[in-house]
Amino acid sequence: MNKIALIILTLGLIVFLGIIFTGGSSLKNNSGELVNNVEVRDGIQYITINAKGGYTPKISYAKAGIPTKLIMKTTGTFDCSSSLVIREIGFEKVLPMEGELEIDLGIPKIGEPITGLCSMGMYNFQIDFS
Ligand SMILES: [Cu+2]
């Protein structure tokens with residue numbers, strides 16, 4: 001094997017490993033939305049949704065049957081996505097302009113998605129449980 005082939009192979013391997021290691025926490029779908037927004041810590045499932053000019057990600061996939069909390073994240077959110085309604089749990093509140101608000105979702109069941117809406121119904125997000 002000549003030197004150039006070896007260099008190309010090495011660079012390829014570095015890029016490949018880089019994708020594996022950096023991809024884990026910042027996987028994005030076609031619309032550039034964060035996909036890995038669900039994590040389980042100490043037996044509690046946390047789902048993080050960003051609220052600013054709408055909700056991101058719009059669809060989340062989480063596990064049913066374990067205690068779950070929704071974290072609504074705002075970063076200088078002045079638009080109506082800060083005014084959140086989640087009918088399934090009777091939630092209706094104005095989020096702080098900046099920060100994180102934890103909302104208890106109890107223990108979600110299979111086939112009972114949670115839908116968040118801004119108070120005017122323009123923006124929404126959905127969490128599917130399976
Ligand atoms: Cu709205």
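Predicted model: local features only at pLDDT ≥ 70, side-chain atom pairs only at ≥ 80, totals over all residues.
View 1. Setting aside residues within four places in sequence, Gly53 is in contact (heavy atoms within 4.5 Å) with Asp79, Ser81 and Tyr123. Gly53 itself sits in the loop between strand 2 and strand 3 (55–56); strands here are DSSP runs (E, at least two residues), numbered from the N terminus. Residues are numbered from 1 along each chain as its sequence is written, and side-chain values use heavy atoms, leaving out hydrogens and water.

**View 2. The copper ion with Cys80 and Cys118.** Here Cys80 (SG) and Cys118 (SG) coordinate the copper ion at 2.1 to 2.2 Å. Donors are N, O and S atoms within 2.8 Å of the metal (3.2 Å for Na, K and Ca), and water is not among the atoms, so sites may look incomplete. Cys80 belongs to the loop between strand 5 (68–75) and strand 6 (83–86) and Cys118 to strand 9 (residues 114–118), so the pair ties together parts 38 residues apart in sequence. Cys80 is buried, with a relative accessible area of 18%, and Cys118 is buried too, at 2%. Buried means under 20% relative accessible area (1.4 Å probe, protein chains only).

**View 3. Leu70 in the largest nonpolar core.** A nonpolar core is a set of buried Ala, Val, Leu, Ile, Met, Phe, Trp, Tyr and Cys residues joined through side-chain atoms within 4.5 Å. The largest one has 21 residues, and Leu70, Met72, Leu84, Ile103, Phe125 and Ile127 touch the most other members. Among the elements giving two or more residues to this core are strand 2 (44–51), strand 8 (98–104) and strand 10 (124–129). Not counting residues up to four places away in sequence, Leu70 touches residues including Ile47, Ile86, Leu101 and Phe125.

View 4. Five strands line up in the order 4-10-9-6-7, with mixed pairing; two strands pair if DSSP finds at least two bridges between them. Strand 4 (59–62) and strand 7 are at the edges with a single partner strand each, so one side of each has no neighbour in the sheet. Strand 6 and strand 7 (residues 91–94) run antiparallel, joined by four bridges, and Ser83 stands opposite Val94. Four residues separate the two strands of this hairpin, and Gly90 in the turn has a positive phi of about 65°.

Methods
Buried < 20%, exposed > 50% of the residue type's maximum accessible area, 1.4 Å probe, protein only.
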